[in-house]
Amino acid sequence: MKAVTYVQPGGPEVMQLVDVAEPVIKPHEVLIAVEAISIEGGDIISRNSQFLQPGEYLGYSAAGTILATGSDVQGLAPGQKVATFNWRGAYAERRAVPAYNCFPVPAGLDPRVAAAIPVGPGTAAWAYHLGKLQPGQTVLILGAAGGVGVAAVQLASRMGARVIGTGTRAESLEKLRQFGLDDAIVVGEKQAGDQVRELLGGNKVDLLIDTIGGDALSDGVEVLRDGGTAVIIGILAGRNHMIDTEYLLLHRITLIGCLLGPEWGEKQIARDLVNELMQMAANGELTVPVDSTFPLEKVIEAHQRAETRGRLGRVFMTL
């Protein structure tokens with residue numbers, strides 16, 4: 001089969017499509033024929049900074065058709081359409097994944113959209129589960145135009161929250177109004193936190209969803225109300241960043257790390273959330289904007305597009 005690998009981390013040009021042996025599934029795993037791949041931020045981080053072990057191939061999220069199931073797998077069967085997640089292996093014609101990382105695709109749902117749901121919308125939904133967002137509250141989403149951010153805007157709006165989003169481009173944020181964004185904060189010469197205070201007349205937000213990290217996190221924490229919560233999803237702006245712990249103590253701020261992948265193997269509620277999102281997408285109640293689609297053999301061009309700033313929507317590959 002064909003799969004994408006690289007010898008050492010780097011830019012998109014390090015990737016190459018090679019012939020490899022098909023995976024052999026374990027008793028708890030499912031083998032799928034990949035049809036659509038969603039390029040995730042984690043894929044780009046991995047490609048830039050992580051070495052692949054022998055037999056590993058790039059990619060988090062892919063949807064396709066089940067070819068075989070392991071002896072311990074129940075509730076899934078060959079011929080069934082599923083979206084899948086794993087830390088490696090999506091960029092291939094076949095992939096083996098644990099059954100608990102497979103989510104049935106409702107009839108009629110675009111396999112590209114299905115492939116994108118576990119990571120982006122799934123993470124957004126889990127962040128609101130952790131942060132206990134309630135109707136009538138105000139949520140601040142840092143990086144609202146990203147894959148998680150677009151879903152976070154829609155889900156918060158559906159829950160009856162006031163939704164404030166930040167981004168570097170006004171035009172991208174304006175497009176998010178159709179998904180429920182109430183207020184746009186363009187990050188630039190003026191700190192986002194200062195703009196939020198002005199917008200709210202000195203009041204603060206109830207929940208912070210941070211997909212960026214670094215200075216954006218420390219700035220965002222300071223516009224949380226006393227007793228508020230920050231859910232940390234992304235670290236694109238830096239892994240090691242100083243936060244004023246005295247401020248957290250005095251204002252009773254809660255910081256929560258949100259990494260959804262491990263939760264599927266531990267908590268049924270995490271799997272239920274993704275299944276619910278799949279049905280919402282099939283019903284037209286959740287939108288995954290599509291920016292562009294490339295064949296797998298154009299993986300370099302696909303990653304170049306995925307790294308292009310200012311776009312709104314996912315980049316996909318298909319087989």
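1. Let me start with S38, which touches D43, S61, A115, A116, R314, V315 and F316, leaving out residues up to four places away in sequence; contact here means heavy atoms within 4.5 Å. S38 sits in strand β3 (residues 29-38). Helices (H or I, at least four residues) and strands (E, at least two) are DSSP runs, numbered from the N terminus. S38 is buried, at a relative accessible area of 0%. The term buried means under 20% relative accessible area, exposed over 50%, and partly exposed in between (1.4 Å probe, protein chains only). S38 and R112 are 74 residues apart in sequence, yet their C-alpha atoms are 6.7 Å apart in space.

2. A word on the basis of these notes. This is a predicted model, in which local features need pLDDT of at least 70 and side-chain atom pairs count only at pLDDT 80 or more, while totals for chains, interfaces and linings use all residues. Residues are numbered from 1 along each chain as its sequence is written, and side-chain values use heavy atoms, with hydrogens and water left out.

3. S61, one of the residues that S38 touches, lies in strand β4 (residues 61-69). S61 is buried as well, with a relative accessible area of 0%. Leaving aside neighbours within four places in sequence, S61 is in contact with A36, I37, S38, E40, T84, F85, A90, R95, A115 and V119.

4. Now to helix α3 (residues 120-131). Its 12 residues should span 16 Å at 1.5 Å a residue, and the end C-alpha atoms are 17 Å apart, which agrees. The expected span is 1.5 Å times one less than the number of residues. Of the 12 residues of α3, 10 are buried, and the helix is mostly covered. The buried ones are G120, P121, G122, T123, A124, A125, W126, A127, Y128 and G131. They pack against α2 (111-116), β8 (138-142), α4 (147-158), β11 (205-210), β12 (224-232) and α9 (268-282).

5. Helix α4 also has 12 residues, and reaches 17 Å from its first C-alpha to its last, close to the 16 Å expected at 1.5 Å a residue. Nine of the 12 are buried, so α4 is largely enclosed by the rest of the structure. Those buried residues are V148, G149, V150, A151, A152, V153, Q154, L155 and A156. Their packing partners are α3, β8, β9 (162-167) and α9. Just after α4, G160 takes a positive phi of about 85 degrees.

6. How do α3 and α4 meet? They pack at an angle of about 50 degrees, with their axes 8 Å apart. Axes are lines fitted to C-alpha atoms, for helices over the stretch in contact, and angles run from 0 to 180 degrees between N-to-C directions. The two helices are therefore oblique to each other; angles under 35 degrees count as roughly parallel, over 145 as roughly antiparallel, 65 to 115 as roughly perpendicular and the rest as oblique. The crossing of α3 past α4 is right-handed, the near helix being turned clockwise from the far one by less than a right angle. On the α3 side the contact is made by G120, P121, T123, A124, A125 and Y128, and on the α4 side by G147, V148, A151, A152, V153, L155 and A156. By class, this contact has 10 nonpolar, three polar and no charged residues. Ala, Val, Leu, Ile, Met, Phe, Trp, Tyr, Cys and Pro count as nonpolar, Asp, Glu, Lys and Arg as charged, and the others, Gly among them, as polar.

7. P121, G122, A125, W126 and H129 of α3 meet I269, A270, L273, V274 and L277 of α9. The residues of this contact divide into eight nonpolar, two polar and no charged.

8. Finally, two backbone angles to check by eye. Most residues other than glycine have a negative phi. K132, although not a glycine, has a positive phi of about 55 degrees. K132 lies in the loop between α3 and β8, and is exposed, with a relative accessible area of 58%. R252 has a positive phi near 55 degrees and is likewise a residue other than glycine. R252 lies in the loop between α8 (245-250) and β13 (254-257), and counts as exposed at 53% relative accessibility.
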